[in-house]
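The sequence and structure are shown first.

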Amino acid sequence: MTGSEPHNPENVSQYWCYSAGEWITFADPLPAVESRSFDDMVKAAGFEMWTVAGEVYKVPLTLAVYTRAQEPCFLFDLEGSLTSHQFYARTLPDALVLLNQLVPTVQAAAVTDQIAHVDSESQSVLTDLLNILRVRSRDT
């Protein structure tokens with residue numbers, strides 16, 4: 001990242017934005033109102049849901065992306081099991097670059113979590129699926 005200051009609690013009004021291959025910091029466009037929920041602040045800033053990777057409460061890592069007409073056009077909300085982090089992409093090409101980098105991580109976390117929680121009833125189905133994937137990868 002090339003921004004001068006990281007996103008940290010001492011500087012809560014500054015957020016990361018991905019723009020033309022670089023990370024920059026800027027003032028957060030979400031209105032900082034303590035009594036409002038995150039969803040209310042997102043809506044007040046003009047963002048609408050665009051896409052989600054991972055289902056909330058089903059996987060250890062989820063990614064929600066919101067969009068709006070003015071720059072920064074995309075808000076990313078990366079949520080882990082204990083906390084979430086928000087950052088932005090200036091334009092659609094910037095958002096697509098970030099999605100290309102982040103979605104494989106979200107998918108891997110989901111698959112790993114699901115495998116870790118396999119019960120004995122579904123273990124044979126998982127074994128069959130892994131065997132099919134192994135054969136396909138060997139054939140290519």
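## Strands 1 and 2

Strand 1 (residues 14-19) and strand 2 run antiparallel and are joined by six bridges. Strands here are DSSP runs of E with at least two residues, and helices are runs of H or I with at least four residues, numbered from the N terminus. Two strands pair if DSSP finds at least two bridges between them. Opposite Ser-19 stands Glu-22 in strand 2.

## Basis of the model

The model is predicted: local features need pLDDT of at least 70 and side-chain atom pairs pLDDT 80 or more, while totals for chains, interfaces and linings use all residues. Residues are numbered from 1 along each chain as its sequence is written, and side-chain values use heavy atoms, leaving out hydrogens and water.

Six strands form an open sheet with mixed pairing, in the order 2-1-6-5-4-3. Strand 2 (22-27) and strand 3 (48-53) are at the edges and have a single partner strand each, so one side of each lacks a neighbour in the sheet. From one strand to the next, the twist averages 30°, with axes fitted to C-alpha atoms and angles running from 0 to 180 degrees between N-to-C directions.

## Arg-90

The loop between strand 6 (84-89) and helix 2 (92-116) holds Arg-90. Arg-90 counts as partly exposed because its relative accessibility is 29%, between the limits for buried (under 20%) and exposed (over 50%), with a 1.4 Å probe and protein chains only.

Beyond its neighbours within four places in sequence, Arg-90 is in contact with Cys-17, Tyr-18, Ser-19, Glu-71, Pro-72 and Cys-73 (heavy atoms within 4.5 Å). The C-alpha atoms of Arg-90 and Pro-72 are separated by 4.1 Å, although the residues are 18 apart along the chain. The side chains of Arg-90 and Ser-19 make a polar contact at 2.7 Å, that is, a pair of N or O atoms within 3.5 Å, one able to donate a hydrogen and the other to accept it, where residues adjacent in sequence count only if both atoms are side-chain atoms.
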